[in-house]
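I opened the notebook to look up salt bridges. Notes follow in the order I took them.

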Amino acid sequence: MRFVVDLKVCQDHGQCAYAARAFSLTEDGRLAFRQQSANVYESGDVSDAERDDVEEAADACPVQAIEIRD
């Protein structure tokens, strides 16, 4: 499983970082994936152990910028 973050939609609310270890914020409160991409971030394979956390992060995103791909 992988996840995709639409960084054009993301507003850096940070709810995903509270829900999952796969997401982190920089010191200025922005999603760390922004350092790698300006438009879309696609993760590498996520372990089954982290799947619940990533699903919770996707559900917690107020702008629904996180998509899960199996």
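In which helix do Arg51 and Glu55 both lie, and how many residues apart are they? I found both in helix H2 (residues 48–60). They sit four residues apart, about one turn of the helix. I looked up accessibility next. Arg51 is partly exposed at 24% relative accessibility. Glu55 is partly exposed too, with a relative accessible area of 27%.

Confidence check. This is a predicted model. The mean pLDDT of the protein chain is 93, and 100% of its residues reach 70 or more. Among the elements, strand E1 (residues 2–6) has the highest mean, 97. Helix H1 (residues 15–19) has the lowest, 91.

Whole-structure search. I got nine salt bridges. One of them joins the side chains of Glu42 and Arg2, at 4.0 Å from N to O. Glu42 lies in strand E2 (residues 40–42) and Arg2 in strand E1, so this pair ties together parts 40 residues apart in sequence. Glu42 is partly exposed at 41% relative accessible area. Arg2 is also partly exposed, at 32%.

I followed this pair further. Arg2 and Glu42 belong to a network of salt bridges that also links Asp45, Glu67 and Arg69.

Another entry: Arg34 and Asp12. Their side chains form a salt bridge at 3.1 Å, N to O. Arg34 is in the loop between H1 and E2, Asp12 in the loop between E1 and H1. The pair links distant parts of the chain, 22 residues apart. Is Asp12 buried or exposed? I noted 18% relative accessibility, so Asp12 counts as buried, the cut-off being under 20%.

Terms used: Residues are numbered from 1 along each chain as its sequence is written. This is a predicted model: local features need pLDDT of at least 70, side-chain atom pairs count only at pLDDT 80 or more; totals for chains, interfaces and linings use all residues. Side-chain values use heavy atoms; hydrogens and water are left out. pLDDT is the predictor's confidence in each residue, from 0 to 100. Helices (H or I, at least four residues) and strands (E, at least two) are DSSP runs, numbered from the N terminus. Buried means under 20% relative accessible area, exposed over 50%, partly exposed in between (1.4 Å probe, protein chains only).
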